[in-house]
Structure formats: structure tokens, C-alpha cells
Amino acid sequence: MILVTKPTAVPVTLRRTGQAADNRNRQDYDADPQAYIRNTKEFTIKPSIYNYSTIKKTLKTAQHSKCCFCEKEQKDEYGAVEHYRPKAGFQLLDKSEDLRKPGYYWLGYAWRNLYFVCGPCNTIKGNLFPLVGEATRARSHHDDEAQEDPYLLDPVGPKDPRDHIVFDSEFVRGVSDYGRRTISICGLDRDGLNEKRKKLISDIDFYVVVLATKADNSAAVVQRALAFLTECRNPRAEFSAAAADYLALFPRAILDQIGS
Ligand SMILES: [Zn+2]
């Protein structure tokens, strides 16, 4: 997981259609708050608005076609527009808990709450959204969610995921409660990711050997090794955080060649 930079301009669909739908939801809540707290009424948050093609495309482009949590490439996969704070209800520890209602309905169409995610991270995360202190939890649009301290790292910060989640070869490790809980909430240690990161580590090993034995290799092969080892740490690259942590372990003589 790495920091994501989203365009500051809010997509027009959210500014117009989303804003109008959000206003209706806020008015409905204020007309009968208890109905939404007791779950006798539910909000409608329309995927046709927050999942609109241009919104998904804008997020996907900003995130270099990668999931905001696991950094898996989604170029050939659909992915989804996901709400960081769950729109319909939330759970604290376990997906078997009853959903606590209402969710963050007032962020259903909020640009700051939307990300592009892969299918497995989306499914595993579900509605889990634990906080360091429950007393600060925003329960309606009259509260300020900025007062919350969520365990799930927000891809735009302010906490840098790289300060909380590190990689030992292909294996992910939390170095704070935020990191450990984010790994658990999104399943960032799942086998499918470990296998793909293992392949990346193997490729890095291969190209490092090429650089270490330059005299035995053609100029074209050495160039390919330099390009690969430079690009794999770029935020554009799949699993760039794992690559950066692994490459940092190599001797200075290798790192100097790739501009580290
Ligand atoms: Zn993912």
C-alpha cells in the first residue's frame, strides 16, 4: 500500500447528481433520524452515480490502474469503486457482527471517500471500519468524521501507509496497530498476493545478478535489468512498496546503479 494522489477536481457526476441525491438523504435523515438508527428506513446510495464510468476511470488513472490497498494491477480486471467509510453500515471486528446503522450515508457520493479497489480487497474489507476510539465516531452528517482515528489506513493519508506496513520479501508485516489492522481488514497477507509478490522478488533477484555480473552479459540485457530495477519501485508499478523494501536490502554497489 502506498499513498494515493487523487485529482482535487470533483467529477461532475458527483458535483451535480451526487450532490442532489446526498441532499435528499440528509433531509430524509433529519425528518426521522430514529427510523434510520432503528433500521426501519434505509438510505438509497445509487451505484449508477458513485460508480459512474468517468468516476471509476478517474480513480483508476490516479491509482495507476492498481488497487489502493494491495497494489495489484487491475488493467485487465474490472475492479470497483469502493467507499473507504462504509456507506450502508459498519462493523468493528468481525463480518459476522450485525451491521451498525446507519452507515456513512452522507459520504455515499463524497469524492474523498471513494477509491478504486480490486475484487478480493473489496470483499474481504466489506463493512469493517474500526476506530481507535469509538467515542469519536461520526453517526450522522451533523458529526465530523475528521475527528475519527480509523485503524484502516486512508490511501490519501494523512498517515503514510509506508510508515505502517512493510515487506519482508513477499510477506507483508504491520509495524503499528494501524498497519496490522489494515492488513487484517483487507487481507493483504492472502496467498494470491504472496504468490504474485514472490514472482516479483524472483525477477528482482534475477536482474540484480545480471547487474552484479555485468561483464558476462550483453549491453541489451544489462539495460533491461537497469530498466526493470528502476521501474519496479515506481508508484506506477505493481507491488512497488514490496519491491522498494526488498531492493533496499541490496549492497550500495547495486543500488547506485539504479539511482537509489
Ligand atoms: Zn486489492
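How many helices and strands does the chain have? Here are my notes, point by point, on what is a predicted model.

1. **Overall make-up.** The chain has 10 helices and 4 strands. Reading from the N terminus, the order is α-α-α-α-β-β-α-β-β-α-α-α-α-α. The chain runs to 260 residues, and 31% of them count as buried. Take the contacts between residues at least 6 apart in sequence: 67% of those join residues at least 24 apart.

2. **Two domains.** The division puts domain 1 at 12-186 and domain 2 at 191-252. Their C-alpha centres sit 33 Å apart. Where they touch, 13 residues of domain 1 are in contact with 16 residues of domain 2. On the domain 1 side, that contact has 6 charged, 5 nonpolar and 2 polar residues.

3. **Helix 7 against helix 9.** Have a look at how helix 7 (residues 191-212) and helix 9 (residues 240-247) meet: their axes come within 10 Å and cross at roughly 40°. That angle makes helix 7 oblique to helix 9. The crossing is right-handed. Helix 7 brings Arg197, Leu200, Ile201 and Ile204 to the contact, and helix 9 brings Ala242, Ala243, Tyr246 and Leu247. By class, that is 7 nonpolar residues, 1 charged and no polar ones.

4. **What helix 9 buries.** Which residues of helix 9 are buried? They are Ala241, Ala242, Ala243 and Tyr246. These buried residues pack against helix 7 and also against strand 3 (165-168).

5. Phenylalanine 239 is in the loop between helix 8 (219-231) and helix 9. Its phi is near 55°, a positive value in a residue other than glycine. For background, most residues other than glycine have a negative phi. Is phenylalanine 239 buried or exposed? Phenylalanine 239 is buried, because 25 other C-beta atoms lie within 10 Å.

6. **Glu71, another positive phi.** Glutamate 71 has phi near 65°, again a positive value in a residue that is not glycine. You'll find glutamate 71 in the loop between helix 4 (53-62) and strand 1. Glutamate 71 has 25 C-beta neighbours inside 10 Å, so it counts as buried.

7. **Asn25 in helix 1.** Asparagine 25 belongs to helix 1 (residues 12-31). Which residues is asparagine 25 in contact with, leaving aside neighbours within four places in sequence? The answer is Phe43, Tyr105, Trp106 and Gly108. Tyrosine 105 is 80 residues away from asparagine 25 along the chain, yet their C-alpha atoms are separated by 7.4 Å.

8. **Two cis prolines.** Most peptide bonds are trans, so check these when you page through the model. Lysine 101 and proline 102 are joined by a cis peptide bond, with omega about -10°. Proline 102 is in the loop between strand 1 (80-83) and strand 2 (114-117). The bond from glycine 157 to proline 158 is cis too, with omega near 15°. Proline 158 lies in the loop between helix 5 (119-125) and strand 3.

How values were computed:
Residues are numbered from 1 along each chain as its sequence is written. This is a predicted model: local features need pLDDT of at least 70, side-chain atom pairs count only at pLDDT 80 or more; totals for chains, interfaces and linings use all residues. Axes are lines fitted to C-alpha atoms, for helices over the stretch in contact, and angles run from 0 to 180 degrees between N-to-C directions. Angles under 35 degrees count as roughly parallel, over 145 as roughly antiparallel, 65 to 115 as roughly perpendicular and the rest as oblique. A crossing is left-handed if the near helix is turned anticlockwise from the far one by less than a right angle, and right-handed if clockwise. Two residues are in contact if their C-beta atoms, placed from the backbone, lie within 7 Å. Ala, Val, Leu, Ile, Met, Phe, Trp, Tyr, Cys and Pro count as nonpolar, Asp, Glu, Lys and Arg as charged, and the others, Gly among them, as polar. Domain bounds come from an automatic or database domain assignment. A residue is buried if 20 or more other C-beta atoms lie within 10 Å of its own, exposed if 12 or fewer, and partly exposed in between; C-beta atoms are placed from the backbone.
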